[in-house]
Every structure is written in C-alpha cells, then in structure tokens.
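Visitor: I have the sequence and the fold open side by side, and I'd like to go through a few local features with you. Could we take them one at a time?

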Amino acid sequence: MDTSTSSPHLARDRLDIKHIICPYSSYRFKPRMLTLQAFCHELPKRLPRKYEQQALEKLIDELENKINTVKGCHLKSTDPRRHTELDSAATDLWNWCVQIKRQDESDGSSARSRVLTFVRVFSFLILTMAQWGDHNKPGHILRLEKLAIKTGRSCTVAGELEHARTVLQKAADYNGLLQTLQAKLPSEELDACKRLEAEYLTLRLKAWKEDRLDVADYTYEKLLGCQNPKDPVSAEHLADSCFEIGKDLTAKKNFSLAPKWLERAYESINTQDLEQLSREAIELRLAISQALVRAYLNTNTADGFQKAENHVRYIESGFGDKLVVLLLRLELLLNSPAEVFDSNAYASVLRRMISSLDISESSFNLMIHHIRKLDDKSPSLGPSVLDEFVISRVLPTQHDAWVERAVVLRTQMATTHQETLETIQALAAMLDRVDSNLEKALPAAAVLAVQILIWKRVDASFNQGELDITEKWCHVALHPALRQSGPANAAKIARKLLTCALQRNNLDNAAEVFRSMSESARQEPMTLYLAYKLALRSRDREMASDCLRRISEASSDDPQYLYACCVDAQEAEDKICAIEALRQLVQKCEYSSPEAVHLPALLRIIIRLQTSLMNDQVHAQVDGLNSLVEDLCQVFEGVVTAIQRDPRDKQGNKLFTVQELDWFCKNSYNLGLKNIRIWQSRQSIRILQCCLSIMSQYPQDIPAQAADDLSLRAMFCHFLMATTLIALARSEDNIEAQLQNYLVMRNHIKSFDAELEARLNTLDDVSKDDLQMKFSTLLVFDFEGAICLKS
C-alpha cells in the first residue's frame with residue numbers, strides 16, 4: 001500500500017515512512033515503549049507455520065492482550081525520536097503483514113489468517129500512538145485515516161467486529177480532524193480527504209452486522225451527500241456494502257427490507273459508465289441483479305413479481321443470452337403460479353441455454369437440474385429438450401460420464417410417466433443417435449441402470465395384459481446401444497418376448513425369438529420350459545422330448561419346471577407328452593424324494609394317463625399298443641421298487657399306506673386280468689408279478705377280511721400266470737427258455753397250492769369247488785412240466 005498523501009489510488013498496502021522522520025534530539029524510551037518496539041521487530045520471526053494450530057492460537061491470545069493494552073495508551077513524550085522509531089517499527093510490521101497475507105491468499109489456514117488480522121490491528125494502533133500529538137500535519141492524518149479504513153475493512157471481512165469498532169472509532173476521530181482542516185487544504189489533499197470520508201462512511205455501513213440498521217440508514221444518507229458520483233471505485237465499494245446488507249437480510253428472511261438495500265446496491269453501481277467499471281464490478285452488478293430478483297420474488301406479492309419481471313426484462317435487454325440472465329428468467333418462470341406456469345417459455349429458455357453455454361461439469365449439472373424441473377412440470381417437453389441437449393452438446397464431447405447420466409435420465413423420464421408407443425419410439429430414436437455417435441459402447445453399469453428402469457415398465461405392462469407395450473419395451477431394452485447388458489439380462493428380456501409371443505399364440509414369432517437367443521441362454525431351464533410350451537403348441541413332440549430331457553439335466557434338485565411341463569402338457573391334452581413329463585419327474589426324484597413330490601400320487605397320475613392312452617389305442621397298430629403296455633409295465637415295476645424302498649415323509653410316516661397299496665395292487669391285477677387276451681403273454685406275466693410283489697409289502701396286522709381278499713387275489717394271479725407260462729413253454733422253440741418257463745410255472749402252481757391249503761377251511765362251497773377245479777387243471781400242467789424238466 002502506498003500511503004503517501006499525494007497518491008490518488010488506495011490499492012497498495014506498503015507504508016512509506018520517509019515523510020515522518022523528523023530531526024530532533026533523542027530521549028530515552030520508557031520501558032513499555034521499548035517492549036512494544038521490540039515486540040514489533042520480534043513478531044515476524046515468531047509466526048508459526050500454517051499447520052501449527054496450537055502455536056497459532058497461543059499467538060492470537062498474546063496479540064489480543066497486546067491490542068487491549070495498546071488501544072488505551074498514549075505517548076505523552078514530546079521527544080520526536082521516540083515517535084519516529086516506534087512509527088518505523090510499526091510500519092515495518094505492517095508491510096511484513098501485507099506481504100505474508102498476499103503469500104497466504106491461496107492456501108492460508110483460518111487461524112493464521114486471524115493472526116495476520118490481529119497483527120494489522122496491532123501495527124495500526126502502534127502507528128496511531130507514534131503520531132506527535134497536535135503537531136500532526138494533514139498528510140499524517142490522511143495517512144492514518146487511510147490505514148484505519150483498510151484495517152477496519154480487514155476486521156469486518158474477518159468477522160472481528162470488536163476490533164473493527166475500535167479501528168473505526170479512530171477513523172471517525174481522524175475524519176473529524178480532516179473536516180476542520182478542509183478549508184486550509186490544497187486541492188489535491190482536499191480530494192483525497194473527501195474520498196477517504198466516503199470510504200469511511202461506506203465502511204461504517206457495516207454497522208448492519210451489529211443489527212444497527214438505523215445507523216446504516218443514517219450513514220447511507222450522509223454518504224450520498226459526500227460521495228463523488230463519478231468515482232467508480234467508491235461506487236463499487238458502496239454497492240458491495242449495500243449488497244452485503246441485502247444478502248444478510250435475505251438470509252434472515254427479512255424480505256421487506258432486503259429489496260431496499262439491494263436496490264441501493266444496484267442503483268450505486270448502475271449509475272457508473274460500464275467502461276469505467278472493473279471486471280469484478282461487472283460481476284458484482286450481475287450478482288446484485290440476481291439477488292434483487294430473488295428478493296422481489298420472496299415478497300410473495302403481485303407487485304414484487306412484477307418488479308422481478310421488469311428487472312429481468314431490463315437486464316435481458318443489456319446482456320442478452322448471458323447465462324445468469326437466462327437463469328433469472330427460469331427462476332421467474334418457476335415462481336409463477338402453478339396454474340399459469342408457461343412450460344413452453346421454460347423450454348424455450350433452456351434451448352437458448354443449450355445453444356449459448358460452454359459445456360463443462362458445472363454447466364452440464366445445471367442443465368440437467370433445470371431439465372428435471374421442466375419434466376416435473378411438463379412430461380411432454382422435458383424429454384424433447386433433453387434429447388436436444390444430448391444430441392447437440394453432450395454427444396460431441398464424447399464425455400462418458402455425461403452421456404451415461406443423460407441416457408439414464410432420459411430412460412427415467414420415459415419410464416416414469418404414462419407410457420405410449422410414441423414415448424417408447426422417442427426413447428429408441430435417442431438411443432439410435434447415441435449408438436451411432438458414441439465412439440465407445442455404454443458401460444455395463446449405465447446399461448444395467450437403464451435396463452432396470454425399463455424392466456419395471458415391462459413387468460407393469462405385462463401384468464396389465466398390454467402385450468404390445470411389453471414387446472416394445474423389450475425391444476428397447478435389447479437396443480444395440482445397450483449391448484453391454486450381459487448375457488443374463490439379454491436372456492431375461494428375450495424370454496419375456498418369447499412369453500408374449502406364446503400368449504398371443506404367435507408361434508412363428510416365438511420360434512424366431514428362440515432361435516435368436518444365444519446357445520447358453522437356450523439351455524437355461526426357464527428358456528427350455530418356454531421352448532417346451534412352444535413345442536406343445538406346435539405339436540413337435542421331438543422338440544418337446546428334447547426340452548424335457550434338457551430341463552431334467554439342467555435343474556439339479558428343483559422339479560418346478562418339470563411340474564410346469566406336466567401341467568402344460570395336460571392343458572394341451574397331449575397325453576404322450578404329459579406321460580413323458582411325469583416320467584421325467586419320477587426319474588428326477590428317483591423314487592426316493594418324498595420332500596419334493598408325493599410319489600404315490602405322481603405314479604397314480606402316470607398310470608391313469610397311460611391306461612387312458614392305451615384304451616384310446618386298443619384298435620391301433622400292435623407295435624404302438626405294445627409300446628404303451630411296455631411303458632405301463634415299467635411304471636408298475638417302478639412302483640414295486642419304490643414300495644420296497646419304504647419312503648417316508650418328514651414326520652416318519654409311510655408314503656405308501658395300506659390305501660395306496662390297495663390302489664396299486666387292484667389296478668395291476670385288473671389290468672392283467674382285463675387284457676390277458678390282448679396283451680402279449682410276457683406283458684401279462686409282468687403286470688401280474690407286480691401285483692404279487694405289491695401284496696408282499698402289506699403289513700402283517702391287516703384285518704382278516706382284507707387278508708382273505710389278498711389271498712384269493714394271489715391264487716388268481718398264480719393261476720393266470722401258470723396258464724400263461726405253459727402256453728409260452730409249449731410254443732417256445734428254445735429248449736432252455738422252454739424249461740425256464742416250465743420251472744417258473746411249477747413255482748406258481750406250488751404257491752397256488754400253498755395258498756389253497758391255507759384258505760380251504762374258510763372258503764364257501766362254491767369258491768372251494770371252483771378253486772379245486774382250477775387246482776386240478778394246474779396239476780396236469782405241473783405233471784407236464786415235471787416230465788419235461790426231468791427229461
């Protein structure tokens with residue numbers, strides 16, 4: 001700072017002391033003065049580093065004590081040497097403080113900054129003490145006034161209001177002295193005096209920080225009378241002070257007084273020639289305009305809204321499409337009543353911003369914020385403005401993070417509001433532009449976010465039965481721009497398309513979707529299940545069988561897909577496919593998984609279906625019938641195996657209860673008896689053998705009547721099997737096979753004899769005669785067998 005009295009500029013901070021050195025004889029300093037002078041010289045060496053917080057706090061306390069001591073002291077000595085040496089020490093300290101403060105501007109700590117503020121106050125107070133009583137010249141007083149203003153401003157900015165009051169009191173004293181000397185001052189010093197008075201009064205406006213608005217009002221009116229209206233620097237200082245007051249009142253929600261001070265700030269700076277204002281002053285003018293518009297709007301009155309409208313229109317005429325002006329226009333539109341909100345005007349301002357702003361992180365965030373605002377107000381305009389922003393400004397930058405955020409937001413807009421085919425088509429068109437203009441594919445994280453949003457709409461529309469909308473969303477989710485979605489997500493979406501096609505019964509489209517899927521996706525159980533449904537409806541039993549096999553192989557322990565296949569086959573009334581699905585399910589459970597299925601019930605269903613299918617084909621080709629009978633025999637043999645394993649539920653209860661045994665036993669017997677003349681002999685023997693095996697699994701404590709029935713059924717089985725075996729033996733050309741048939745036949749005859757012997761006394765005469773007649777027939781067969789086996 002150049003503190004010479006002749007300089008018209010007040011921006012420099014270094015002190016020049018050549019004008020205060022006076023040739024007088026020297027006297028001894030008092031001890032206190034020596035201590036203060038030594039402290040001034042010592043202080044620069046004691047300044048702690050920025051990170052030494054404890055030392056800084058200790059120095060602050062010491063400085064505060066020194067300040068409190070000095071501000072009440074006066075140097076009564078008339079020795080000019082004392083004044084000169086003390087002034088020199090304080091001047092050096094001031095200049096050192098200015099230099100350090102400039103060095104710390106970028107990264108100074110708050111504690112160190114406070115130390116430097118206190119050093120300024122201390123050095124200023126020493127300088128005031130060093131002045132030579134009533135012999136000070138106007139130049140000396142101007143210098144001290146200038147320093148008082150700078151020190152007061154520094155204290156005010158730092159929030160040290162107590163010290164600011166002390167310094168400003170000194171400034172008031174010097175200002176009073178200058179007023180009495182104005183008539184004797186030359187023109188140059190008179191101008192400097194008036195300028196300092198204006199600066200002093202401007203600084204006094206800071207009284208608002210102490211909630212003394214009455215003092216601030218009085219000071220403002222007084223300042224208007226002494227300020228040079230053509231001085232841009234003073235005007236800027238006044239505008240800045242009024243602006244601070246207006247901002248503080250706004251923060252305190254004092255919306256009645258805030259506009260008054262902001263108007264004063266704008267009036268002060270707006271009366272100056274723009275070419276004479278600094279760049280900072282131009283920016284201050286815009287900041288004041290922005291705060292003033294908000295203050296008008298905060299009044300929540302029609303008059304306040306109209307004033308805001310007029311002010312925005314006024315600055316628009318001067319600044320055009322400057323960003324801050326456009327933002328004020330947006331704020332004005334947002335504060336208009338909801339029922340008269342002009343969404344088209346809001347969109348128009350955003351388009352002007354898109355065409356004029358320089359794209360950066362902050363401007364991108366700003367645009368996204370206001371586009372969201374527009375979308376909340378007008379869902380039809382928000383997406384179109386975002387599309388324009390993405391296509392014209394974002395995509396050319398190839399900035400990955402911006403593109404990702406914009407695409408996700410665009411998808412969110414499309415999926416949040418009521419969807420239409422036009423909405424989906426617009427989103428797809430935007431993704432077309434992204435895919436064609438972006439050098440790198442969208443990353444997986446962004447694609448996942450997009451597909452999550454889309455999938456919610458897919459589920460919602462599908463559950464509402466809107467298959468057209470569902471398919472459109474699925475096609476968007478499979479857009480080439482989203483190719484980094486990963487195979488699992490792509491398969492999930494493709495399956496939804498396949499499901500829609502099946503629900504429409506559009507089999508060609510369903511087959512096309514299935515073929516378009518990757519090989520790994522086609523092998524997933526859910527996909528195979530849908531393919532099975534397609535095969536059922538297409539009557540493609542080979543494909544259905546292949547799907548069942550693959551489903552069984554793919555799903556380790558969970559039979560849900562096989563269950564679903566069984567249900568679908570039954571709904572399609574395809575008994576062959578239903579039987580195959582059920583048998584796959586039984587095979588999956590290996591007749592030993594009672595937790596997964598109720599095995600007896602499952603086996604009953606298979607037998608019923610096979611019996612029904614067999615009855616339908618009684619008059620069909622023999623090969624076809626034999627195959628069905630073979631399958632039925634295999635199922636009953638599986639039943640026998642399952643019963644022998646004795647499966648139980650979680651509580652330890654048998655799955656194959658007596659009632660279940662009755663059902664399987666009776667049905668095997670009835671089937672064998674009913675079809676003895678239709679089936680091949682070996683098949684009849686197999687089914688009757690199953691009946692005998694099931695009888696052997698009955699518990700010993702069944703009722704006597706049930707035991708009698710089982711015994712009678714067993715004798716009939718043995719009789720039927722013996723008569724069938726002798727027929728086979730007589731027609732067999734292979735001697736070994738023939739002898740085996742005779743041997744098995746004799747065993748059944750023996751078993752018949754044993755059962756008859758055990759039950760003979762309990763039989764009625766009719767049954768006894770019938771069974772004895774049958775036994776006599778069997779004895780003939782047994783004799784034949786014995787002869788053949790012996791020979």
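Visitor: Let's begin with Ala554: which helix does it lie in?
Guide: Before anything else, please keep in mind that this is a predicted model. Ala554 lies in helix α25, and with a relative accessibility of 39% it counts as partly exposed, because that value falls between the 20% and 50% cut-offs.

Visitor: And how far is Ala554 from Pro525, C-alpha to C-alpha?
Guide: The two C-alpha atoms are separated by 6.2 Å, although Ala554 and Pro525 are 29 residues apart along the chain.

Visitor: Where is Gln398, then, and is it buried, exposed or partly exposed?
Guide: Gln398 is placed in the loop between α16 (381-394) and α17 (400-416), and at 23% relative accessibility it counts as partly exposed.

Visitor: Switching to helices, how does the span of α13 compare with what you'd expect?
Guide: Helix α13 covers residues 323-334, and its twelve residues should span 16 Å at 1.5 Å a residue, which agrees with the 16 Å between its end C-alpha atoms.

Visitor: How many of the α13 residues are buried?
Guide: Ten of the twelve are buried, so α13 is mostly covered. The buried set includes Val324, Val325 and several leucines, among them Leu326, Leu327 and Leu328, but Arg329 and Glu331 also belong to it.

Visitor: And α28, what are its dimensions?
Guide: Helix α28 has 18 residues, 599-616, and reaches 26 Å from its first C-alpha to its last, close to the 26 Å expected. Its buried residues include Leu599, Pro600, Leu602, Leu603, Ile606 and Ile607, and also Arg604, Gln610 and Thr611.

Visitor: Which way do residues three or four places apart point in a helix, and why?
Guide: An α-helix has 3.6 residues a turn, so residues three or four places apart point the same way.

Visitor: Let me try another helix: where is Leu350, and what lies 17 residues away from it in sequence?
Guide: Leu350 lies in helix α14 (residues 343-356), and at 0% relative accessibility it counts as buried. The residue 17 positions away is Met367, and the C-alpha atoms of Leu350 and Met367 are 7.6 Å apart in space.

Visitor: On to the rings, how many aromatic pairs are there?
Guide: The count comes to nine aromatic pairs. One of them joins Phe341 and Tyr346, a tilted pair with 5.6 Å from centre to centre and 50° between the planes, and both Phe341 and Tyr346 are buried.

Visitor: Which residues are linked into a cluster by ring pairs?
Guide: Phe364, Phe389 and Trp402 are linked in that way.

Visitor: What lies over the face of Phe462, and which charged end sits over the ring of Phe719?
Guide: Lys496 lies over the face of Phe462, at 4.1 Å from the ring centre, while over the ring of Phe719 it is the charged end of Lys774, 5.6 Å from the centre.

Visitor: What lines the second largest cavity?
Guide: Its lining is made up of Val434, Asp435, Leu438, Lys440, Ala441, Leu442, Ala481 and Arg483, which divide into five nonpolar, no polar and three charged residues.

Technical notes. Residues are numbered from 1 along each chain as its sequence is written. This is a predicted model: local features need pLDDT of at least 70, side-chain atom pairs count only at pLDDT 80 or more; totals for chains, interfaces and linings use all residues. Side-chain values use heavy atoms; hydrogens and water are left out. Helices (H or I, at least four residues) and strands (E, at least two) are DSSP runs, numbered from the N terminus. The expected span of a helix is 1.5 Å times one less than its number of residues. Buried means under 20% relative accessible area, exposed over 50%, partly exposed in between (1.4 Å probe, protein chains only). On a 1 Å grid over the protein atoms alone, a cavity is a set of points where a 1.4 Å probe fits but cannot get out, and a pocket is an open set with protein on both sides within 12 Å along at least five of seven lines; lining residues have an atom within 4 Å of a point. Ala, Val, Leu, Ile, Met, Phe, Trp, Tyr, Cys and Pro count as nonpolar, Asp, Glu, Lys and Arg as charged, and the others, Gly among them, as polar. Rings of Phe, Tyr and Trp (its six-membered ring) pair if their centres lie within 6.5 Å; planes under 30 degrees apart count as stacked, over 60 as edge-to-face and the rest as tilted. A charge sits over a ring if NZ of Lys or CZ of Arg is within 6 Å of the ring centre and within 35 degrees of the ring normal.
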